[in-house]
Every structure is written in C-alpha cells, then in structure tokens.
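Hello,

Here is the structure I said I would pass on. My notes on what was found in it follow below.

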Amino acid sequence: MTVSAFAVEGLGHRFGQRRVLNGVSFAIEPGEFTVLLGLNGAGKTTLFSLATRLYAQGEGMIHVFGMDIRERALECLRLMGVVFQQPTLDLDLTVEQNLFYHCALYGLSRREAAERIAAEVVRVGLEERRRDKVRLLSGGLRRRVEIARALLHRPRLLLLDEPTVGLDISSRQFLLDHVRQLCREEGLAALWATHLIDEAGDGARVIILHKGEVRADGGAAQLLGETRASSLRAAFETLVQERAAA
Amino acid sequence: MRPIHYLRCLIGVSIREWLRFLNQRGRFFSALVRPLVWLAIFATGFQFVLGVSIIPPYDTYIPYSIYIAPGLIAMILMFNGMLSSLSMVYDREMGSMRVLMVSPLPRWFLLTAKLFAGVIVSVLQAYAFLAIALIWEIEPPWYGYIAVLPALILAGLMLGALGLLLSSAIRQLENFASVMNFVIFPMFFASSALYPLWHVKEASLWLYRICQVNPFTHAVELIRFALYGQLEPVSAAVLVASTIVFLALAVYGYDPAKGLMARRAAE
C-alpha cells in the first residue's frame, strides 16, 4: 500500500462562531494533480493555512506522507512546496536573490542553491531575467518565479493557493501545464486551489469545496455523469445549489 | 536539520535584510538624518538651557551635544528595530512572514534570525552616525568605538525583540502611527536620552521612577558608558532580561496554537 502524499480527515476550523471548514476529508496520491475548486470564501485558504501550520489545527487530522503534521511539523513542511495566494516575493530584490533566500531558509548550501536555481529558472523560462528585479517582471512571470521557488528544496507535495489569480490566459496555461508536467514526470503531488472552473478541465481530479464542506470529489467526467450536466460549470452550479436548496 | 542548516538560514536571512536595506536608500538616509537633525538643531538650541553637571562616565563638563549622542544612537536602533519588525506587518499583509514561517526550522529560530539580521543593519547605521557626529566634535576615545559594539548589539536586540512582539500584536500599517505615539515617543522621552535622570528626579519623582524602569533608559546608559570603555552592569542585566522576555512573548505571539495570528485571522 502506498502512503498518500497528503491526507486530511474530518478537518474542521472555525473563526469565533463562524465555521469555515467542516468535516473535510480527502487524500492525494503521489503523482496526482488535484484541483480544489471553490468560490471565494469556500475555505480553500483556511485549509492551506492549516496544512502549512500558519493556523493551529483543532479538529481532524492532516497527514503528509503518513506523518501527522501536529507531531512532525518540520518534517512535513520540508516535504511541501507552497505557492501562496498573495504575492510573497521581495520586489526590490532580483529573481536570483529571492531564490537564494528561499534556499537558505531550507538550509541548502550556496553551491547546491546555485545549481538548483540555474535549473529551475530554465524550466520556467526565466534564465534571461534572473538578474532582473522582481518589480520589473509582469504578474505572470512573478508567479513563475514563485513556482520555481517552491520547487527549489525538491518537495514531494506542492500546494498552490489560487496561483493564477489576475493572470492572462497564456500565463495561466503555462503554469497549469508546468505543474501538471511535474506531476506526470516527477511524481509530484499537487493540490491546486482555484475558483476558475476551466482550470479543472482535461481529466484532472476535482474536489469541490463549498461553504467549508466537500461537495464532490472525482474526475471531471464522473462529476458530469453524477450531475447529468453538460459542462463542468453546470455541474459545479448544480452541486453548489443542490445543498443550498436542501 | 543540522546546525549547518541553521547557520545557512541565519546567513540567508541576514543577506536578505542587508539587500533590502541597500535597496531602500531613502530608509538609510532618513535613519541618519533624524538623529542628525536632533543633534544639529535641538542640541544647539538647548546648549545653555540644560546645565549638565559632571556625571559618570564623563570626567569633565560636557556640551549638551555630547550628552545626547548616546540617546540618538539608541534612537537609531529603536527606529530600525521597529521598522524592520513592523515591515513584516505592512509588507503585503504578512506575505514575507508566511514564507519565513513555512520554512522547516523552529519558529523561535526563524524569529531570532530575523532579529539578528535587523541588528546587523542597525549597528552599521549607528557607526555611520558616529562617523558623521565627529563634525559636532563628538569624539569618544578610540577604544570606545570598539567597546560600544556589544552594547549596540544588545540594545539593538532588545529593541528589535520589542518590535517583533509588537508586530505579532499589530494588524495593519496604519498602526505604525500608534506605535510612534504610544511606544516610540514615550520610550524616548521618558528616558535618560535627552536629560540626566537626576534632573528628572528634581522635577518629578514618579517620572523618575518610570524612566528608571524604562528599558530604553538602560539601552542609552549602556551605550553611554560603553563609549568611554565602561560597563554599566545594571543596564546590561536589564537589557538581557527584557530581550529574553520580549522575544519569548513574540515567539508565543507567532505560535499558531496559542498566538495572535489565528486570533487576527478570526477578526
């Protein structure tokens, strides 16, 4: 039996009286590209904050490659690469300087860091821009830097919280293709949170999160079958409304 | 993670702080101009208002500008400590803090590394100020420049730790104005930075007591004595103790289980 890359079970969270996550359970296997689809406020960012230990976890369990995040937080964090919803690069530093900083946070030596940075900037097509200040880069290119950065310490699980917000179509497609390729070729597990339904296409597994609960979990084709909808968008709307009406 | 990883992290965090500082020339400039304005204008204006008698560590009558120099150095350390810590709050809503917090090293270490990195920048600014202050004939003995280094580091750590603590408690940029009003100004004025404490005691006993327990007073005094190659042990002890307390509270504040981050998100 293989160990899931990322597994949550009965995960719940509340801010004061307001419940933002309720009994969320799912597991992602190595090499799997999974889309976590939900409207704004569905609880996606809260789930990411719990998984990255920015919030303390109360109800339920989070496991990363079989390790409980409460007990072995640092080991779990080491296996994770994270792309946050909000931009987190230093705008006045160059692409390389930002990446070196990240490597230092993971304890990589200068030489290891230089080798990995050289390889990663090529993969995201930024070798020409590596000495430019991030401020000079477009939104799409900045995102590429953040994905390159998240991979520098060779994580086995990639968490991306709305990585394509505010990007044009070609930038979005580049990022999607890049991450899906990493899953396919390197066995990376990725959880890609988004509110954009079209990012869930092409046979990816989709987990629909709505008002803090998992409403559906399966391949796009499966969701269409279950809801008898003609498009993923219609399926999503059905799933989201069904319970609201019930 | 082995010790070498911790060291690499510390170096990386320091380099980043340094690069950021180099990129913000305005920050360097204003950090230097602020105390120089005090020295050039305030100290000149008050030259004859405040009678300064012979008090240790000085062995003769001194002009007022010499008296306030250590206070102005501590002011540099305070502004830097507050700015480098609070920058985490207003730097894109904790964005860079998140990056730091998901690194696989213990949080107390990450926060301490951040603190040390800020202090390196502060100390260099303090020396830059001392160099320019030569124009106003503020010339401590040569060994004072060496002896003051540990005092600058300790005072910088205390003020940086206080900044970290505030950053864990404060939510937004606009609150920096409150920090100015409720932390920086009271700490600066209710201290021995601008006037000797015996002066304060003559005017008001309760203010004197406040000045005595203000850790900023001890930062100023440690620097003042160190500039003349002397150690002020009480001040050193107070600074060590307050650094530990502030840092411990800041680590608590950034602990997701107990601290303020979760509560902040809840609001």
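Please keep in mind that this is a predicted model.

I started with a pair of strands. In chain A, strand 1 (residues 6-15) and strand 4 (residues 59-64) run antiparallel and are joined by five bridges. To find the pairing by eye, go to A:Ala7, which stands opposite A:His63 in strand 4 of chain A.

Next, the contact between the chains. On the chain A side 27 residues take part, and they are in contact with 30 residues of chain B. Two or more residues of that chain A side come from helix 2 (73-78) and likewise from helix 3 (95-105) of chain A. Helix 3 of chain A gives the most, with five residues. Sorted by class, the side of chain A that touches chain B has 16 nonpolar, seven polar and four charged residues.

A:Leu196 lies between strand 8 (189-194) and strand 9 (205-210) of chain A. Is A:Leu196 buried or exposed? It counts as exposed, because A:Leu196 has 12 C-beta neighbours inside 10 Å and the cut-off for exposed is 12 or fewer. A:Glu162 is 34 residues away from A:Leu196 in sequence, while the C-alpha to C-alpha separation of the two is 8.9 Å.

Regards

Methods: Residues numbered from 1 in each chain as written. Chains lettered and ligands numbered in written order. Predicted model: local features only at pLDDT ≥ 70, side-chain atom pairs only at ≥ 80, totals over all residues. Helix = DSSP H or I, 4+ residues; strand = E, 2+ residues; numbered from the N terminus. Buried ≥ 20, exposed ≤ 12 C-beta atoms within 10 Å, placed from the backbone. Pairing = 2+ DSSP bridges. Contact = placed C-beta atoms within 7 Å. Nonpolar A, V, L, I, M, F, W, Y, C, P; charged D, E, K, R; others polar.
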